[in-house]
Amino acid sequence: MITTSRFKPAWWLPGAHLQTLYPALARRRVHPALQRERLELADGDFLDIDWTGEPEDPVVLVLHGLEGSLESHY
């Protein structure tokens, strides 16, 4: 289904390139309190899992790629 968008960019932020760059360059990043868990794999590699929230909260899984991490600039 195709719908018509009502999105209107800010007048001072024209163009898709500036809209993409603005959040990365101008917005302040808020870092939540995290608890890191490392899972050692059978092949000698590992997965770092960062948790936040309470144990009874719903879990959301965010996969950011094989080479990225929370410390990545992107």
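Trainee: What makes the contact between D48 and R38 a salt bridge?

Mentor: In this predicted model, the side chains of D48 and R38 come to 2.7 Å, N to O. The cut-off is 4 Å between a side-chain nitrogen of Lys or Arg and a carboxyl oxygen of Asp or Glu, so a pair at that distance qualifies.

Trainee: R36 and D48 have their closest N and O atoms 3.9 Å apart. Why is this pair called a salt bridge?

Mentor: The limit is 4 Å, and R36 to D48 at 3.9 Å is listed as a salt bridge. This pair also links distant parts of the chain, with R36 in strand β1 (residues 35-40) and D48 in strand β2 (residues 46-51), 12 residues apart.

Trainee: What does the salt bridge between D50 and R36 tie together?

Mentor: Their side chains meet at 2.7 Å, N to O. D50 is part of strand β2 and R36 part of strand β1, so the bridge joins parts 14 residues apart in sequence.

Trainee: How many salt bridges does the structure hold, and which residues are linked in a network?

Mentor: The structure holds 3 salt bridges. The network consists of R36, R38, D48 and D50.

Trainee: Are R36 and D50 buried, partly exposed or exposed, and how do you know?

Mentor: Buried needs a relative accessible area under 20% and exposed needs over 50%, with partly exposed in between. R36 has 43%, so R36 is partly exposed. D50 has 27%, and therefore counts as partly exposed.

Trainee: Why does L13 count as buried, and where does L13 lie?

Mentor: The relative accessibility of L13 is 13%, so L13 is called buried, the cut-off being under 20%. L13 sits in the segment before α1. Setting aside neighbours within four places in sequence, L13 contacts L18, Q19 and Y22.

Trainee: What is known about L41?

Mentor: L41 is found in the loop between β1 and β2. With a relative accessible area of 37%, L41 is partly exposed. Residues up to four places away in sequence not being counted, L41 touches F46 and L47. From P9, 32 residues away along the chain, L41 is separated by 45 Å between C-alpha atoms.

Trainee: How do you know whether the protein chain is a compact globule or more spread out?

Mentor: The chain has 1 helix and 2 strands, in the order α-β-β along the sequence. Its radius of gyration is 18 Å, whereas the globule rule gives 11 Å for 74 residues; the value is well over the rule, so the chain is more spread out than a compact globule. The C-alpha trace spans about 50 × 30 × 25 Å along its principal axes. Buried residues account for 4% of the 74 residues. Among contacts between residues at least 6 apart in sequence, 11% join residues at least 24 apart. The chain exposes about 7800 Å², with carbon and sulfur atoms supplying 60% of that area.

Trainee: What is the confidence of the prediction, and where is it lowest and highest?

Mentor: The mean pLDDT of the protein chain is 84, and 92% of the residues reach 70 or more. Confidence is lowest in β2, with a mean of 86, and highest in β1, at 92.

Note on methods:
Residues numbered from 1 in each chain as written. Predicted model: local features only at pLDDT ≥ 70, side-chain atom pairs only at ≥ 80, totals over all residues. Heavy atoms only, no water. Helix = DSSP H or I, 4+ residues; strand = E, 2+ residues; numbered from the N terminus. Buried < 20%, exposed > 50% of the residue type's maximum accessible area, 1.4 Å probe, protein only. Contact = heavy atoms within 4.5 Å. Rg over C-alpha atoms; globule rule 2.2 N^0.38 Å. Areas by Shrake-Rupley, 256 points an atom, 1.4 Å probe, with all protein chains shown as cover. pLDDT = per-residue confidence, 0-100.
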